[in-house]
Number of protein chains: 2
Amino acid sequence: MTIKEVSEKYGITQDTLRYYEKVGIIPPVSRTKGGKRDYREEDLGWVEQAICMRSAGVSIDALIEYLKLCQIGNETISARLNLLKKQRELLFEQKQRLEAAMDRLNYKVSVYEEAEKTGELIWDKEN
Amino acid sequence: MTIKEVSEKYGITQDTLRYYEKVGIIPPVSRTKGGKRDYREEDLGWVEQAICMRSAGVSIDALIEYLKLCQIGNETISARLNLLKKQRELLFEQKQRLEAAMDRLNYKVSVYEEAEKTGELIWDKEN
DNA sequence: GGCTGGGCTGGAGCCAACTCCAAGTGTTAT
DNA sequence: ATAACACTTGGAGTTGGCTCCAGCCCAGCC
């Protein structure tokens, strides 16, 4: 699969794909004889993983660290487990914040929907 | 309340508080005769709101826009409602991404926990 | 009155994560 | 074989959101 196809498949730019490889959150991608990237099944797995984690807010640094550990070998299994648990915890905290904000937004939306009918805002409490 | 007290109360720097006011995601804060910020109940409401929204990932631009609309008056109620719904939708989408990543992490953690016992990794599928 | 400490401003600097670019190479269609 | 186009690289530039700084002001205390 060419870089173009991959970028279209995942809705991500070619630049970003090259960037991810350059900084090392995905391993070096297979190449054609001419030196062009030729994404295989395995490469796509890493791409998907990178996109999924990045879109949830996992840092580039954490992903670089994870790939490094993977490339070392089985002696890094517990280090990888630690890293994964840490990131999971961070995402969990982020989810809490997200939900807190959504609660606030839901309340506001309900107040504003009421206000649209009456033309006047009535707050339980400002914000 | 001084800026120092507010920054300690919410665990945010004084610089950030001033920055939020400067860009306009909170309205101008009340001042003492000497020109120092003196946060009142109402100011704190805005501060809380800003912190809550920002920590969930709502953009500065959206918050600026919201405050602008608030300052215009009741004729912007439906515009504000639109804005709030849009942001709620964005947060909802972000929550989906977060959960997708958490699912992936949970799966990996379980695989790695198994691997720690056996010393060998067995993947259902790479990544 | 002088010192100390907190606060003020405008503007520069920083960081993460892309995003864009120039200059060159490879591949394909006519 | 030559145009047209995809792809390559290293490195510079951009963006969002702070973060830091210099130089100043003001209030309280000895």
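Mentor: Welcome! Chain A can be laid on chain B by a turn of 180° and a shift of 0.0 Å along the axis, with an RMSD of 0.1 Å (least-squares superposition on C-alpha atoms of residues with pLDDT of at least 70 in both copies). The two copies are thus related as by a two-fold rotation axis. This is a predicted model, where local features need pLDDT of at least 70, side-chain atom pairs count only at pLDDT 80 or more, and totals for chains, interfaces and linings use all residues. Residues are numbered from 1 along each chain as its sequence is written, with chains lettered from A and ligands numbered from 1 in the order written.

Trainee: Which residue of chain A comes closest to the rotation axis?

Mentor: That is A:Lys95, at 3.4 Å (C-alpha).

Trainee: How many residues does the largest nonpolar core have?

Mentor: In soluble globular proteins, nonpolar side chains tend to be buried together. Here the largest core has 34 residues, and A:Ala50, A:Ala101, B:Ala50 and B:Ala101 have the most contacts inside it. A core joins buried Ala, Val, Leu, Ile, Met, Phe, Trp, Tyr and Cys residues through C-beta atoms within 7 Å; buried means 20 or more other C-beta atoms within 10 Å of a residue's own, with C-beta atoms placed from the backbone.

Trainee: What does B:Ala101 touch in chain A?

Mentor: Its contacts (C-beta atoms, placed from the backbone, within 7 Å) include A:Cys52, A:Met53 and A:Leu91.

Trainee: Which residues are closest to DNA strand D?

Mentor: A:Thr2, A:Lys4, A:Arg37, B:Gly34 and B:Ile60, among 18 surrounding residues (C-beta atom, placed from the backbone, within 6 Å of the strand).

Note on methods:
A residue is buried if 20 or more other C-beta atoms lie within 10 Å of its own, exposed if 12 or fewer, and partly exposed in between; C-beta atoms are placed from the backbone. Two residues are in contact if their C-beta atoms, placed from the backbone, lie within 7 Å. Lists of a residue's contacts leave out its neighbours within four places in sequence.
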